[in-house]
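Open the model in your viewer and follow the stops below in order. Each stop names a selection and says what is there.

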Amino acid sequence: MRPTAKFSISFGLVTIPVAAYNATDSSASVSFVRIHTADGGRVRNQPVCSLEDVEISPDEIGRGYKPGDGDTVVPLSDEDLDALPLPTAKTLTILAFVAGGDIDPLQMGKGYYLGIDSPAAAKPYVLLREAMERHQRVGLGKIALHGRETLAMIRPMEGALVMQVLLWPHQIRPMDGVLPERQAEVAPNEVSAAEALMDSFGKLSEDDLHDHYREALEEIVAAKLAHREPEFPAGEEQPAGQVMDLMAALQDSVRAAKRSRGEDEEAEARSGRTAKKSATKKTAAKKATATKSASTTASKTAAKKATAKKPAAAKKTASRGGRRAG
C-alpha cells in the first residue's frame with residue numbers, strides 16, 4: 001500500500017514520524033453509474049466554468065472559499081494552505097487519553113493504519129502502543145488532513161496503531177423530532193424475554209459478515225447478459241405482517257434461534273435421556289420396595305411361627321415335670 005499522508009505524532013516531548021495508509025476500501029462496495037434510461041448512455045458529471053460555460057480540465061481546477069452567504073469566492077492555493085499557522089498541519093498532537101467507550105460512535109469517520117516512517121520511530125511507536133494497551137485508553141488529538149483540520153483518535157490494534165478521523169461535536173445533529181412524543185411502556189417480563197432473545201443470538205459467523213447483496217446483484221447482471229432468469233438459493237421466508245403480541249413474538253424468536261443452532265434437538269435428547277434415567281430409577285426403587293416388603297413379610301411370618309412354638313414347648317416341659325413328681 002502507498003501512504004496517503006505523512007506526519008508526526010506528538011506524545012508529550014516524544015515525536016513519532018508515521019505514514020498513514022487507508023484502512024478501508026470503498027471500491028469493494030456496490031456502486032452504480034448514472035445512465036440515460038432511453039438509450040443506456042452514461043450520464044457524466046462534467047466540470048464546467050459557471051462564467052464561461054466551458055468544460056475545465058483537472059489541472060485548471062483549484063480551491064476556493066466562500067466567506068459568507070454571498071457569491072464571493074476567495075481563491076486559495078496550496079501555498080496559502082501550507083502557510084497556515086497550525087501545529088496540526090504536520091503533527092498530530094495528542095491532547096488527552098480517554099476510555100474508548102467515551103467516544104460517540106456517531107463521530108467515527110474514516111480509518112487509517114499508521115506505520116513508522118523512519119527506523120528511529122520504531123521504539124517510541126511501540127512504547128505508545130503498549131502504554132495505551134496497558135492503560136486501556138485511546139489518544140485524542142487534532143490533525144490537518146486534505147486541507148481540513150479534524151479531530152482524530154489513536155488506538156492500538158493487533159500490534160499496530162490505528163487512527164480514526166472524528167467529526168467535530170457540532171457536526172452531530174440534535175435528535176429533534178426523532179423520539180416519539182409519547183414513550184411506550186414495557187413490562188419487566190417483556191424486557192426479560194428480550195434479554196433471553198439477545199442471549200440466544202450467539203456469535204457472528206463468517207457467513208454473517210459476507211456481502212450477499214453484492215453477489216445477488218452480480219447474479220442479476222450475469223443473468224441479463226446471458227438472457228436468462230437469475231438463479232438464487234432458496235432462503236428462509238421471513239414472517240409477513242405486523243405482530244401484535246410482543247411477548248409471543250419474543251418467545252417464538254427465542255425458539256426459532258435455538259432451532260437454527262440445533263439446540264432444540266439437543267434439549268429433546270437430553271430430556272429423553274433424563275426421562276429414561278428417571279424411569280430406570282423408579283423401576284429400581286419399586287423392585288427394592290417390593291423386595292424389602294417381601295423380606296419384611298417373611299420376617300413377620302417367621303416371628304409368628306417362633307412365638308407359636310414357644311407355648312407348646314412350655315406345655316411339654318410342664319407335663320414331663322408333673323409325671324416325675326407322681
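**Stop 1: the barrel**

Select the strands E1-E2-E6-E9-E8-E7-E5: in that order, seven strands close into a barrel with mixed pairing. Neighbouring strands of this sheet are turned by 40 degrees against each other on average, direction ignored. Strands here are DSSP runs of at least two residues, numbered from the N terminus, and two strands pair if DSSP finds at least two bridges between them. The model is predicted: local features need pLDDT of at least 70, side-chain atom pairs count only at pLDDT 80 or more, and totals for chains, interfaces and linings use all residues. Residues are numbered from 1 along each chain as its sequence is written, and side-chain values use heavy atoms, with hydrogens and water left out.

**Stop 2: E8 and E9**

Next, select residues 148-157 (strand E8) and residues 160-166 (strand E9), which pair in the antiparallel sense over seven bridges. Pick Pro156: the bridge partner of Pro156 in E9 is Leu161.

**Stop 3: an aromatic pair**

Now show the side chains of Phe11 and Phe97, an edge-to-face pair with 5.7 Å centre to centre and 80 degrees between the planes. Rings of Phe, Tyr and Trp (its six-membered ring) pair if their centres lie within 6.5 Å; planes under 30 degrees apart count as stacked, over 60 as edge-to-face and the rest as tilted. Phe11 sits in strand E1 (residues 5-11) and Phe97 in strand E5 (residues 91-98), 86 residues apart.

**Stop 4: strand E4**

Finally, select residues 74-76, strand E4, which contains Val74.

Note on methods:
Helix = DSSP H or I, 4+ residues; strand = E, 2+ residues; numbered from the N terminus. Axes fitted to C-alpha atoms, helices over the stretch in contact; angles between N-to-C directions.
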